[in-house]
Every structure is written in C-alpha cells, then in structure tokens.
2 protein chains.
Amino acid sequence: MLLAPLSRSVVHKASRALLVTRCQFSITCCCRAPELARGSYSKVTGVDLAHFRSIVGNNMLTDTTDMQPYNTDWLRTRQGKSAVVLRPHTTQQVCQILEYCNDRNLAVVPQGGNTGLVGGSNPVFDEIIVSVSLMNKIISLDEAAGILTCEAGCVLESLDAMLSDKGLVMPLDLASKGSCQIGGNVSTNAGGIRFIRYGSLHGSVLGIKAVLADGSILDCLSPHRKNNTGYDLKQLFIGAEGTLGVITEVAIAVPPKPKAINVALVSIESFDKAKQIVVKAKSMLSEILSAIELMDDESVEMVVKQLNLVNPLKRSPFYMLIETSGSDYDHDKQKLHTFIESVFNDEILIDGTVASSIKEMKSIWKIREEISNALMIDGRNFLHFDLSLSLSNYYRIVDDLRNKLPACTALGFGHIGDGNLHLTITSDSEIDINSYVLEWTKRHGGSISAEHGLGFDKCQYIYHSQSQKAVSLMSNIKKLFDPKGILNPYKTLPL
Amino acid sequence: MLLAPLSRSVVHKASRALLVTRCQFSITCCCRAPELARGSYSKVTGVDLAHFRSIVGNNMLTDTTDMQPYNTDWLRTRQGKSAVVLRPHTTQQVCQILEYCNDRNLAVVPQGGNTGLVGGSNPVFDEIIVSVSLMNKIISLDEAAGILTCEAGCVLESLDAMLSDKGLVMPLDLASKGSCQIGGNVSTNAGGIRFIRYGSLHGSVLGIKAVLADGSILDCLSPHRKNNTGYDLKQLFIGAEGTLGVITEVAIAVPPKPKAINVALVSIESFDKAKQIVVKAKSMLSEILSAIELMDDESVEMVVKQLNLVNPLKRSPFYMLIETSGSDYDHDKQKLHTFIESVFNDEILIDGTVASSIKEMKSIWKIREEISNALMIDGRNFLHFDLSLSLSNYYRIVDDLRNKLPACTALGFGHIGDGNLHLTITSDSEIDINSYVLEWTKRHGGSISAEHGLGFDKCQYIYHSQSQKAVSLMSNIKKLFDPKGILNPYKTLPL
C-alpha cells in the first residue's frame, strides 16, 4: 500500500491569512528596547537605485505597497522601512549588489520566504532587501546518490514535490513549507517535524555557495557526503541568519521517500508517562519513528474550542502524536500496533487510536498543527517560546509557570522527541513573563532557541545559552566575514 | 532474535601487529617534500619539564622508548622527535599546559588514540605531545533522550560496550574502534561503516568543550539536539585535526541499538550493475540499510590469496556487501530477501548469499575488512587514497589507472553508499601515481579526502578540493583561534 505524504502547506496558508487580519493587535514579542539606534550606514540615493537597476533590471521594487510583504515579518509584528527590494536572478548579480553596498556602506537584509518567527529576515530600519526568490532553479539531482543541488530561492514544498516523483524526499518539513525557501531554511538551520528521523541540517547540507559582504563568492558547494579537506566553513552559515553572507546555492542529501506512513494519537495521564512513551517509542519503533509530538490538555482544548476540531479521545492531561514512516506498510503497522499494545499493557497510556485512512491521519495532525492558529483566534496577547530542555525539565517549566503565574494560560506542546518545547503563554497581566521563562531556561541548562533562531527578537538574550567566550569568538568571525557589518545588522549577535 | 553487533576491533589489532613488523619497508605515503623547515618555536628546557611536572605530576613521559608509540604514527611511516608526552587528567590541566606553551611559544600536538592515517596526530619535529588518553570518564548519559556526554579520551569501543547495556549504540563504527578515542574521532570527523545509517558527526555531535591555544576554555557542550543560538562554533572543531583547540569533552546523540542485523554478499558482472544495486538497496531497504560496501575482484583475490579467506561466491568482477540493522529480525530478513530476489530477477546480480549465523556474518565482513591487511602481507609498496567521487566516476578512476599504468595493481573498494572509494595501488615503478590520482580527482570534482582528513600528508593538496577563497578564510580562522600557531603545526592547512 502506498500512501501519499501529508501536505501541511494548506494549514500554513490558512494560518497566514488569519495572521494578516488579526496579529497586529494580538501578539506580543520577546522584543528589545525600542530605543535601538540605526547604525551609521549610508542612505539609499537615486544614484544607488539607478545602479541597482543596471544590475537587476526591472527586478526591483520601490513602491511602498509592493514592498510591504518584504518590509514586514511573517507575524506582522515588525515593520521595516526599506526603500528598495532587489530580486537578483543569479549569484553574479548578488555579487555585484553586495560589492556595491559594501563600498557604499549600505546595510542589507537577505530574505528568502520571510517566514521566520524571530524577526530575522526583514529590515529593522531601512536596510536594502535582497530577496533570493527568483533564484529558484534546480542545478542538478543525482538520483542514485540522493544529492540535490539547487538555488537558494527554491520553495521547500516545490522541492519535495519534484523529489517525490523520483522516489526521494527532502530531509526537512515545516508548517511553512509552501512559502519558505531552502536558502532561508539553511540560514536559519530550520528544524521541523522530520528532524527526529533525518537529523539536523548540519548533517544533511553537503555544500553551499554564498556571496560574502564584499561581493566575493565562497564556493563550498561540494556535492559529496564526505569531504574532510580543512575546516567545514559551510557549517558557519547554517544558522547564521544571513549575517555572514548570502547563501545562493545549496547541495543537500535527500533520502528515499518512505512508502508507508502510519499515525497514532494516544492519551496519557501524566508527563512522567509521556517520558516513558518517548523511551519506548524510540526503542520499539526505532528506525521507522518519524515524529513524536506532545500536546497538553490546554493546547488540545484551545484547538477544540476555537476551531471546532474533534478530539477523537476522551479528554486527558496529555496527548501524544506518533508517526512512523517506512518502506513496508504491513511491517510498520505491525510494529506500531505492537508498540501501542505494549504501552497499553504496561498501563502507560489511557487510550489510543491509529489512523486507518489518510483523512484520519490529516485530522490527527491538524490537532497538533492548528494550536498556534487557535491561539490567534483566542485573541489574547500571547508570548511564544521555542525552548530546548532535557526531558526531566521539559514540562516542569509549564507547571512552574502555572504555579507562579496562575492568571496566565500556559500551553505546552512540541517536538518532545527532540527535547523541543513550544511554550505559549496568554496573559493580560503586566508580569514580565519573558524574563521569567528565559531565566528559568538558563538556570536549567536549556537553550532559549531550539529551532527558530535569535534573529532580531532574541539576539540580546544570546548569553542565556552561550558563554562570553563563545559570543566573543562569534563576533570576531562576523568581523572576519563582514568587516563593515553591512549584512543583516541588529540580528543574531548582541549589539 | 537478538544478534550481537560485530566486533571489528580484533581485526584491527591483528592489522596493527602486522604493521609494526612490516610497514617500515612496505608503505609509500602521499608525503610532502622532506625539506620542510621546523617552525620558529621554542625548544623544551628543563625548566619547562619541571613546570609540566607541577601540572600533571607523574603523568608525563620523557624516556625515548616510552614515547615511541606517541612519536610514531599508526602506519609507522612518520617519526617525530618530541621530548615530552603530557597526559593530563582534567580540562583544567590542559588549560594550564596550553597557557604555558602559548606564553613560551612551544608547539603542541594533541593526540587521542593515534590511529589516524594521514600523519595528523604525531609530531613532525619536536612538538610537545598532549595525550588525552587519561581523560576517559563518562560525564552523563541521558538514556531517555539518547545523549552521551564524556571526556575526549574515551575509547570508541568502550563507549559502544557501555551503551550496548542500555540499548543504545554509538553513531559511528571504525576498524580502529578498539584504540581510537572519541575526541580524535570528532577532531578528524571520522566516517566509517555506520555513516550511511547515522550520517556525519556534524549532525551527531551536539556539543564540545575545547581548550584554545591561549589556555582559555570554549564551552559549547550543549546537550541538546537543537540549539539555534548564534554561530555553531563546535562545527569548526569537527575535522579541524586539533589545529584550533584541544577537544576535552564531547556530547553526542546516541541512537537506539538495532535488535537485528542481517548481512548479504552478492556478486556482479559490471560496475554499472553495482550502481543499480546502490539505487535499489537505498529504495527497497531504506530505513534498515546500514552498510553497502563495494569490492572489486582484485581486492577480494588479494584477501583470498594472502590470508586464505574463503570467497563464498563464484569469482566475478565485483562484489557487494549489504548489511541491514533494524528493530525486527523477521521483517528485516524478509525485506533483504525480497531485495535480493528483485535484483536477481532483474538480472542485476550474478549470485548472492545471505548469512545465516553470526559466524557467517563475520566471515563476510572479514573479506571486506582484511583487504588492507592482505596488502601489507603482499609486501609491495602501495599508495592508499580515500576519495569522494560521484557514482558515475566512482570506479572510472580505477579503470583509467589500469589503462594508463598497466604495470600497477589497482584495488578499488570502499563505502560505495557514501561515494567513498578506498583506492589502493601497488607499484614498483617510479611513476608519480600520487599526482595522477589527485589531479584526476580534482578534474572530476571529487574530494581528495573523504574521511581520513588532510593531516600532515595531504595538507599541501587542499587546493585540489577547496578554493583559494575558502583556504584563505580557513587561515584567518586559524589565526583567530591560535594567533601564534602553536597547535598542531604543519597540519591541515598548507604552509
């Protein structure tokens, strides 16, 4: 039996539409002091615009309305004031743009699908936007080796669709797959729901080509799985949020497409039981495990209430979504049933259901993926955190928050298999929840950004998860790659 | 059915014994001109030794015989002349040593198990050897999350044995596992036979603690699978061969231990058919595929002739070893049989056998792993290359060599699933095989070092696989981390 992979882009598009209409009044960001001063960069002049036109022709925007989607972030909480959006078609054009900007001391923000959640891909002031959206060609696909080389502007979902026809799959999948681009994915070291199966982009990305601040090309576009020839420079660009260079091409390992997908939803009475599920699932489902997601009762109730979705199980304190992807449907189904039976017999779970159709699978996934959307409809201010915590601390932060701040509504859900919690707190109070959560995370040895990055919103908090020595070395590396600091200023590193 | 993992350390130890007695006259290295001059470092004095003794006590060696295994490389082709081996017990001691050496301008070579194959871990002149062998403690093991944190001197096989009891496994396995150490594995970005299953150390290593040249500590020992807080500095140390700092602690993701292992050996009439096997195996065996190794007839004949091993199949131009590792023995066996049947029906293979016992599995693996050993017994000079090539070029280099240099014996074998060829050439002629192979690899877009690194032997050839721009940036990063260049001089980067 061959099952089509679930498309999550539909969900994403719906979410985005909601965000456009609602978020201007409903989201609170972990943002920094408003008194941030513009850096001493030059301002764009008519001469500059004429020069840019000589490079990209008509592929530039200067009309305020046209530029609006580029000037604003995905959550619509940031509003930049760039005077120009440049949409180069080639790496060479990016070189010409950056060489000129560097000479003129013009600040630049590289942009992909602009779907980031930490304000990393849109201008803070009037930085020139260099969008790689038009650089969306497939350069090569080595089907036998499973290696794709493409331009940075390729949309993740399009790549996945193209690979699907060849029996291959992208090693990452995000809710924003219909808009996000591979260059941005690499620049933000995107995680997502296939992480537990295919691991980090630090392992999957084989090579990149990037244009540095001075317009020179750094070609590390090795299409090999192994290449131990000196320092692995491309790794620095994975997660650097465009502050070290503009990624224009990417080589990435693409695994065989799973032929069978199975999805189960189980309910559990305590977080301790959830931990047991994680351990048992990893051990029993092992190589076919492709997702373990946790949702607490508050998260599921939010979806049920705001979006009228049906929870197929009796209400309980926790739920877990377990997905398997493998090469044999019957084998995988048998493994999943054996697993469910085992955790049921051990009295680890209260109840469970295994999807028997694609429709049922989608319904189960929808409960997990619509949580953020339901929060938007709920309409109260909310703060969203993306934390890495050890399993023993994973849910303790939610319990502590509820004890400490009973007036708040705290929702805990996320990629529990990777130790990644998406903690969301709705509150109308003036209490500094942001500091409380980030301090708590620091004190418990967690990471304040698991997969979203630091961008503009969180760069001042870098010391919560990195040492002075590490940040100092990062700053020196930044100076090495971008001496004038023209690339994506005010992001990633503290000011 | 539960199968024990194959131990390859026995093979390794036997190989090493042979090397000690034979290699001084049988190996030719890809080495550089002998006129290399010693850098302008200070020489070790009695005062220095007294100071070192105040740091490490009796854990230092100064006797020439005692130091011999540290001064020589694993292949016994290099002979350093260090005056002292320091064996610190703690990161703090490493700090004190490096701070002193940096102040005194004394060169240092960090050393783990000293099992590298490119002369990267032993002194070229009189560099002080800092061995991390005594730093072999487990710091923590998060069994639920599958995250191990340990000191750099832990031997790979010991870690694997410890994890095995907990139902976990190291994500890498090498022939030298009985001697090599995790700090060295990370510093050399070791590949090995589990690479196709668990990927690169760039994905598996979650954190490191390293001592920099000036004695300061860079603590990037995050134990989280996801941590997007700034540039991922640890990545620079993975494969830096100790030239940027001495890794003293490592956090690494450890997957669940497979419960079932199956091994098949098949024979094929052409390399084109071998490529088809790779594609079909990846697609059909997918998530349980844990090794695909290629051996040509010359490689297998060398083993049969020199070591009296039995080839269970009729002699043919190529052989492939295929291993699966999964969580269900019957499922995996069925998948493997279906695969073998399919490639047999499609007339892709000539013959094949599936091991029906651990003894048979070991016999099949032994054919693959004893090739280098058989070459040592053969006794002629040989050159060994570790190349990454696209599948279309993977074996073309062997054919081209045989056409170009008919007097040579060229053996082609390796990790074909990763595009990694271990090409070995025995020749008594004066022809410059080294230049021919490296130039060929460069011309065909390959990497001159897939998994062994550059070390001392190959650092001058870095431009064959890296651009001027990339090497220039690497040199600047080296200067940033180690301004005086005291760490592992004459290695990795060109002089």
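Trainee: How does Arg402(A) count, with a relative accessible area of 23%?
Mentor: Good place to start, but keep in mind that this is a predicted model, where local features need pLDDT of at least 70, side-chain atom pairs count only at pLDDT 80 or more, and totals for chains, interfaces and linings use all residues, while side-chain values use heavy atoms, leaving out hydrogens and water. Residues are numbered from 1 along each chain as its sequence is written, and chains are lettered from A and ligands numbered from 1 in the order in which they are written. Buried means under 20% relative accessible area, exposed over 50%, and partly exposed in between (1.4 Å probe, protein chains only). At 23%, Arg402(A) is therefore partly exposed.

Trainee: How many residues apart are Glu298(A) and Arg402(A)?
Mentor: The two form a salt bridge with their closest N and O atoms 3.2 Å apart, the term meaning a side-chain nitrogen of Lys or Arg within 4 Å of a carboxyl oxygen of Asp or Glu. Helices (H or I, at least four residues) and strands (E, at least two) are DSSP runs, numbered from the N terminus. Glu298(A) lies in α11 (residues 297–307) and Arg402(A) in α16 (residues 396–404), so the pair links distant parts of the chain, and the separation is 104 residues.

Trainee: Which side chain meets Arg104(B) in a salt bridge?
Mentor: Arg104(B) itself is partly exposed, at 27% relative accessibility. Its partner is in helix α2 (residues 46–56) of chain B, whereas Arg104(B) is in helix α4 (residues 91–104), so the bridge ties together parts 56 residues apart in sequence. The partner is buried at 1% relative accessibility, and at 2.7 Å, N to O, it is Asp48(B).

Trainee: How are the two copies related?
Mentor: Superposing uses least squares on the C-alpha atoms of residues with pLDDT of at least 70 in both copies. Chain A goes onto chain B by a rotation of 180° with 0.0 Å of shift along its axis, at an RMSD of 0.0 Å. The relation is thus as by a two-fold rotation axis.

Trainee: Which residue of chain A has the C-alpha nearest that axis?
Mentor: The axis in question is that of the 180° rotation superposing chain A on chain B. At 2.0 Å from it, the C-alpha is that of Gly203(A).

Trainee: How much area do chain A and chain B bury between them?
Mentor: The contact (heavy atoms within 4.5 Å) takes 81 residues from chain A and 82 from chain B. The copies meet through the same surface, because 100% of the interface residues of chain A are also interface residues in chain B. Buried area is the accessible area (1.4 Å probe) that two parts lose on being put together, summed over both. Here 58% of it is on carbon and sulfur atoms, and the total is about 6500 Å².

Trainee: How many salt bridges run between chain A and chain B?
Mentor: One example joins the side chains of Asp214(B) and Lys469(A), 3.9 Å from N to O. Between chain A and chain B the count is six.

Trainee: Which residues of α11 in chain B are buried?
Mentor: Their cover includes β11 (289–296), β12 (318–326), α13 (358–369), α14 (371–378) and β15 (409–415) of chain B. After the helix comes Asn308(B), with a positive phi near 55°. Within residues 297–307, the buried ones are Asp297(B), Ser299(B), Val300(B), Met302(B) and Val303(B).
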